[in-house]
Amino acid sequence: MRTDTQTSYLNRGGDWRDTATRYALLPLRIFLGVTFIYAGLDKLTDSAFLKSGGAGSIGDTMRAARDSAAIPALIDMALKNPVGFGYAIALGELAVGIGTLLGLLGRLAALGGALISLSLWLTVSWATTPYYYGNDLAYLMAWLPLVLAGAPYLSLDAAWRSRRRQRMGGYR
């Protein structure tokens, strides 16, 4: 029976199944982090996207999705300032991606990613049929394990917890 509450697994033995289980969420964290960084940078560097109108613009994209959205009021709110909303989405994706990839405030970053994916699913990709063709719902589901687990390994969060534990250990 294990009695310890926290173990450093990087320097311990164990079979490959234990290691695989321990790091099972790492590929998902890397994929989502890189994807959201790329999505944010792609939006910020696309001159057509950050405009209120025209082909490929955030404004035209939102206007086209408005009538088929689950919550048209979300689009109406964003259409009050589509360029500002475009910057907010792009910077949000960038922050979520960096936080996820580095494991910095991992649960908060994952929650941000889940909320971005949820808002996109309820607006832009809501009318996609069958539903499994729309990628925003799949991204939302991919974020949920990271919301629950955070970034417990190979992350700045883990390094910070370890350092804090070492400092607190001297006072016990």
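User: What volume does the largest cavity have?
Analyst: This is a predicted model, where local features need pLDDT of at least 70, side-chain atom pairs count only at pLDDT 80 or more, and totals for chains, interfaces and linings use all residues. Residues are numbered from 1 along each chain as its sequence is written, and side-chain values use heavy atoms, with hydrogens and water left out. On a 1 Å grid over the protein atoms alone, a cavity is a set of points where a 1.4 Å probe fits but cannot get out, and its volume is the space filled by probe spheres set on the points. For the largest cavity that comes to about 40 Å³.

User: Which elements give two or more residues to the lining of the largest cavity?
Analyst: Lining residues have an atom within 4 Å of a point. Here they are Arg29, Thr100, Gly106, Ala110, Trp143, Leu146, Gly150 and Ala151. The elements that give two or more of them, with helices taken as DSSP runs (H or I, at least four residues) numbered from the N terminus, are helix 6 and helix 7.

User: Is threonine 123 buried or exposed?
Analyst: Threonine 123 sits in the loop between helix 6 and helix 7. Leaving aside neighbours within four places in sequence, threonine 123 is in contact (heavy atoms within 4.5 Å) with Ala65, Ala69, Ile71, Leu74 and Ile75. Its relative accessibility is 7%, so threonine 123 counts as buried.

User: What about aspartate 67, buried or exposed?
Analyst: Look in the loop between helix 3 and helix 4 for aspartate 67. The cut-off for exposed is over 50% relative accessible area. At 70%, aspartate 67 is exposed.

User: How much space lies in the largest pocket?
Analyst: A pocket is an open set of grid points with protein on both sides within 12 Å along at least five of seven lines. The largest pocket is lined by 22 residues, with Ile89, Glu93, Leu120, Val124 and Asp136 nearest its centre. Its space is about 490 Å³.

User: Which helix gives the largest share of that pocket's lining?
Analyst: Helices 2, 3, 4, 5, 6 and 7 are the elements that give two or more residues to the lining of the largest pocket. The largest share, four residues, comes from helix 2.

Technical notes:
Buried means under 20% relative accessible area, exposed over 50%, partly exposed in between (1.4 Å probe, protein chains only).
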